[in-house]
Amino acid sequence: MTAPSPTRVAYPASDPPHAVYLDYQATTPVDPRVLDAMLPWFSTCFGNPHSTQHGFGRQAAAAVAAARAEVAAAIGADPREIVFTSGATEANNLAIKGAARFLRDVAGSPRDTIVMPASEHKCVLESGRALESEGLRRVVLPVAANGIVDRGAARAAIDGRTALVSVMAVNNEIGVIQPVAEIAAFAHAAGALVHSDAAQALGRIPLDVNDLGVDMMSLSAHKAYGPKGIGALYLRRRPRARVQPLFSGGGQERGARSGTLPAALCVGFGRAAAIAAGERAEETARIQSLRDSFLESMRARIPDLRLNGDAQARAASNLSLAFPGAPALAVLEGLADVALSTGSACASDTVEPSHVLRALGLDDALASATLRVSFGRFTTAEEVDFAARRLADAVAAVRVDESPAVQAAHVVVG
Amino acid sequence: MPYLDHNATSPIRPAAMAAMAEALARTGNPSSAHAAGRAARGLIEQARRAVATAAGADPAQVIFTSGGSEANALALNRHPGGRGGRVLASAIEHASVLEALPQGGPALIPVTGDGVLDLAALERMLAEGEGVETLVAVMLANNETGVIQPVAEVVRLAHAHGARVHCDAVQAAGRIALDFAALGADTLALSAHKIGGPAGAGALIAREPATLAPLVRGGGQERRLRPGTENLAGIAGFGAAAAEIPDALATVPRIARLRDRLEDAIRTHAPEAVIHGRAAPRLANTSCIGLGGVEAMEQVILLDLAGFAVSAGAACSSGTVRASHVIAAMAGERAAHTAIRVSTGRETTSAEIDAFFEAWWAMRAQLLVLPSVAAA
């Protein structure tokens, strides 16, 4: 049986009909193949996968086991190394707080330091901060102007006190790919555990837990055309990475994560992971060419735009573009038919400039003039052309409004 | 195959299925500011209002979680159990309450032989720790016996002693009327998949959400109490199922007649069988049937072979069947090994109940005879 080519998969029907969606790093549409795999597990096959005393439950348990194997295979892991969670935020919390607490409280380790780059996702940084409030030490590594973690600083910071190093695989805002394998090698040489937040990486870069050398890795389904509400933490068996659960109760997931497993979501995640791993090479090549044509077209119209983050070590799906003199919120106001984002969707309750862009050394003016454009499986060349034209027009319009002459005119009129 | 294990999980209601299908076809992240994101946010807020209405709460009091276990854990997180304060929990609470405290379990409030919380014991325990910060955790209805707990009285006693109350209403929702404001509890846990919604969504209802401490950090969702991209489809399905709770409650008299039909047959033909909690107020859909001297697992296996899905105790511990701590608290360790749970739902028919009794009767004959065969 051959899977349909991704370019022939119909775009999900009831999506906002008029907007071009270029926010694939906030979330992705559920792939129709994933949806088809999931739906029976909501309806006719509704058993609780932990009710293995009867057929309904065993059927659901078998589906969860198959999904676990698909997720494991997508990252070169063993199915027994996969702990399903409600998403990457929970997986990151479980990995960082869980591993540090296990080392401190159960293993009695004297290692008291957690090391992480400044450009990590908020939930990683805040997990580290929570550990600080429990008396552990958090060391935040600087990143270079291109967004890549400073290897010298990492080497200097990681030592015999280091319990855990957490380095993301692909940055959610600027798409930069971190040298996880290299950092993992430093960390292991110092006897520390290594975790990687790979929420943005599945299906976007090659992802193999052994090639990367990580002990723990967080995944999210909805960033890879699976459903929201499910993710996973990879926990290496040899040598064993162990975590204290964030909460207890039924003892599911080998005691690491209690609660009834949502079989349908697990099945959807499994299918999404299998597609992501199987189609990654072909898909990223296609997406990269769309992205590059978008960037070329934008540069032709707005020559002074800035690309934030390294141009090479970057996921094919991502552009982070600063338009000097054009505040991003003002640009978005004039751009109702293109869905873009000013930064990560998760931080939308704050209007502070992005901590990632600050870590790169951008000043507030440039950071707040930055838009993230992210491309994906259902992006078409026509959409890219349309969006580039619309975005360039919107930036130009804002620049006119923000120009000193117009501002002065406003003052006079006002 | 007749499904008589609704307390483990319930089939998804068509309305919930439709809401989920719609949500799964949308693209936006509910935290995104663009139209796709705002549309997704709209679905979540619509579900929040539906859940609040069903629970007799204010939408601002609803915090969505990944399910009942997480809602219970969130309610008990950082409560100063073991840090100068204490948690008192009924001996029949769900594992997610009993095991929520990282350091040691809560002090257990005993229950009567009928499975009802012993209010006099609770009052003594409250008085003994006067002045100590206390959280009392009592479920609204038990998952194994269906026995309804006197939560309003628990709240009255607890509040009189300055203690707060958490109520796990996961099994009660949709089966008895629920009114958070009238109940008076400080927090209340709900699960979608027990009311005809999907697994993977639940909620903690909190009178004062600001007093809670998050289990997970890093993001502004659910007022920072439960960060992480929301389970959009799950929450939409939860809302749709919650909106149908009045319809579900209308089916309770019929479901109670099915239960009585089954229990009357069992009591008439097998006087040695025990219906745990029978004398107490109970959910209409739950029968916990003990058969002295016969392991629950053997009963369940034979019933499974006969085509009936029932359970031995709770379904939570990944296939392992332990002695029921609930029946142990009511009737002792020996009884705890011999009880099975039959739990029905809106789809259950009287023909299925009659067929189940036949299968149960055959199972009983087989298992009660077997030991003498083995001895011979």
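**Contact, strands and helices**

Modeller: This is a predicted model. The contact draws 69 residues from chain A and 63 residues from chain B.

Colleague: How do the residues of the side of chain B that touches chain A divide into nonpolar, polar and charged?

Modeller: Elements giving two or more residues to that side of chain B include helix 1 (14-24), helix 2 (35-55) and helix 8 (232-243). By class, the residues on that side are 28 nonpolar, 27 polar and 8 charged.

Colleague: Which residue of strand 7 of chain B is the bridge partner of Thr187(B)?

Modeller: Strand 6 (residues 187-191) of chain B runs antiparallel to strand 7 of chain B, with 5 bridges joining them. Strand 1 (residues 62-65) of chain B also pairs with strand 7 in the antiparallel sense, over 4 bridges, and there Phe64(B) has Ala203(B) as its bridge partner. For Thr187(B), the partner in strand 7 is Ala206(B).

Colleague: How many residues of strand 7 (residues 202-206) of chain B are buried?

Modeller: Gly202(B), Leu204(B) and Ala206(B) point one way from the strand, Ala203(B) and Ile205(B) point the other way, and all are buried. The count for strand 7 of chain B is therefore, with burial set at 20 or more other C-beta atoms within 10 Å, 5 of 5.

Colleague: Is helix 5 of chain B roughly parallel or roughly antiparallel to helix 6 of chain B?

Modeller: The axes of helix 5 (residues 119-128) and helix 6 (residues 151-160) of chain B come within 10 Å and cross at roughly 20°. Angles under 35 degrees count as roughly parallel, so helix 5 of chain B is, relative to helix 6 of chain B, roughly parallel.

Methods. Residues numbered from 1 in each chain as written. Chains lettered and ligands numbered in written order. Predicted model: local features only at pLDDT ≥ 70, side-chain atom pairs only at ≥ 80, totals over all residues. Contact = placed C-beta atoms within 7 Å. Nonpolar A, V, L, I, M, F, W, Y, C, P; charged D, E, K, R; others polar. Buried ≥ 20, exposed ≤ 12 C-beta atoms within 10 Å, placed from the backbone. Pairing = 2+ DSSP bridges. Axes fitted to C-alpha atoms, helices over the stretch in contact; angles between N-to-C directions. Parallel < 35°, antiparallel > 145°, perpendicular 65-115°, else oblique.
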